[in-house]
Amino acid sequence: MSSSLETLNQWVEAVARLTRPDRIHWCDGSDAENAALIAQMQADGTLFKLNEQTHPNSYLHRSHPDDVARVEHLTFVCTPEREDAGPNNHWMAPADGHAQMDALFDGCMAGRTLYVIPYCMGPIDSPLSRCGVEITDSPYVVANMRIMTRMGAPALARIEREGTFVKGLHSIGELDPNRRYIMHFPEELTIKSFGSGYGGNALLGKKCHALRIASHQARSEGWLAEHMLILGIENPKGETHYIAAAFPSACGKTNLAMLIPPEGYLQDGWKITTIGDDICWMRPGKDGRLYAINPEAGFFGVAPGTSAKSNPNALASIQADTIFTNVGVTADNQPWWEGLDNGQTPVTDWQGQPYDPAVRPAAHPNSRFTVSAKRCPSYSPMAEDPQGVPISAIVFGGRRASLVPLVFETRDWTHGVLVGASMGSETTAAATGAVGVMRRDPMAMKPFCGYNFADYFAHWLSFDQPGAKLPKVFHVNWFRKGDDGKFLWPGFGDNLRVLEWMLKRVDGSAGAQETPIGNLPLTSELNLDGLSLSEEARNKLFGLDRAGWQAEFASIGEYLDEYGPRLPQALHEEQQRIAARLA
Ligand code: TSX
Ligand code: MN
């Protein structure tokens, strides 16, 4: 046996001695294995079969009512030095973290089966991919990991070849919110998660591995692990450009990743293809460009709001072979959620109770679908390319009712990093309960960066090297409102108009108006045909509110100061330079 498989076996044995499961099952990822797990969960009532006629091979899972979201206050990064985790993470010394977690894991799998899940994040034959093994006592986790990652025998073979893998240990425990912790040990490539069966708390390949551990690993290996969608834009000439985009929650990342062009663009031959909707790993290629892969194999998308209008590709994807979590159900066992807009009505809510809109919504606001990317009509074959796709533009965005124009281009890489580092978004009820409060969320990585944000910004800046052919960096805001409180930009498919302008800037065929905050489109060069934008809309979407931006840059300066002396001087200087030009 290879030494890496010995390491793996020894770890599994050590975990089994600690957690004392009744059985150990090594997952091979086969159809037969999946069918047996589904049948077992149906039998024990943790999975309900949905309508086989309308939604073949699809199931509903209901999580514990207070286990429905990430738990940032219980999420830790355990580096030897507190300062390496930074002000953006909760920190615990590694020895203390292990001691606390191992006490929770002691005997926790008695009477249960321990599943060993070998998985690969990214195409199985890509040099950019990384493997992991998750140990869990949840068959729901196994079924989801099978959709979200390349799971089973091929991953195990790669681990045997490669030697290194991320170790993730998970138990649902008693689902006690007071005994729920998610700890990361980046130096040891280790994750320990206890007390939750939900989403990113339990599917350790996603946020824990592909963002928190990977971002740390990427820093030391010279690449980037980002909270970004990746999409391809094919123009009428048949050329495809790839864009990576980071947005905080509730900005419609999955919708943008699966965008359907407006009618006129379709007729002209434009096409959008989806590489990924959540995570992007990228590194410089030999030609100096950044090449990106989507480490995931599926979508774990928010259900509410997903409709034939907002995202036809997502809706088509989830008509079969889908696991729904915490959605409502109709009388004939079809999944249902707020904003589905399909003329049906729910009878049962996400807690399994009779639906009463006065009590709670039918679907939990954070309810999800898990589906293979291969089911998505816009899924790009290039998503399976081991080389990754070359990125032409990086887009940062946020939900800003005022001040921030529809789109601007940054002058250079350093300016782009500053815009990413200072980006923010206004909260929606779904996220926090408080509506319209501006929160800064650098590169949309606030809950996901596995090390000190100041060092992360320095890592971003370090890509600007001789010979590098870096993407252009843009900022967008689909959510600008008028004085009447209504959205000024139609959004959705019409966002392609903005993406087209970005690509014109990339190939040099469009001019721009240079301003202190960056380059704004000339309205003659961003296609507004067929839209009837008011005078107010044009002014607010494409204009510069100098006094408002002076205040914004003062606020950005104060925000960056929170990172103290570790903040790269170049970012501080860029903020000062722009503030001075605005004055
Ligand atoms: O996803 C959204 N996108 C990106 C789409 C590719 N949403 C939904 C956000 C919640 C997750 C949007 N909402 C977008 C958007 O571009 N824009 C808006 C705001 C908006 C809402 C409704 C309308 C227009 C804009 N309706 C009409 O104009 C009729
Ligand atoms: Mn995400």
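On a 1 Å grid over the protein atoms alone, a cavity is a set of points where a 1.4 Å probe fits but cannot get out, and its lining residues have an atom within 4 Å of a point. A volume is the space filled by probe spheres set on the points, which are joined across faces, edges and corners. This is a predicted model, in which local features need pLDDT of at least 70 and side-chain atom pairs pLDDT 80 or more, while totals for linings use all residues. Residues are numbered from 1 along each chain as its sequence is written.

There are 5 cavities of 30 Å³ or more. The largest cavity holds about 150 Å³ and has 16 lining residues, with Phe408, Val419, Ser422, Trp549 and Ile556 nearest its centre. Helix 12 (413-421) and helix 16 (546-561) each supply at least two lining residues; helices here are DSSP runs of H or I, at least four residues, numbered from the N terminus. Helix 16 gives the most, 4 residues.

The second largest cavity has a volume of about 50 Å³. Its lining consists of Arg130, Cys131, Glu162, Thr164, Phe165, Val166, Leu189 and Gln217.

Helix 14 covers residues 495-507; because 13 residues at 1.5 Å a residue should span 18 Å, the 19 Å between its end C-alpha atoms agrees. The expected span is 1.5 Å times one less than the number of residues. Just after helix 14, Gly508 has a positive phi of about 80°.

Notes. Chains lettered and ligands numbered in written order. Heavy atoms only, no water. 1 Å grid on protein atoms, 1.4 Å probe; cavity = no way out; pocket = protein on both sides within 12 Å on 5 of 7 lines; lining within 4 Å.
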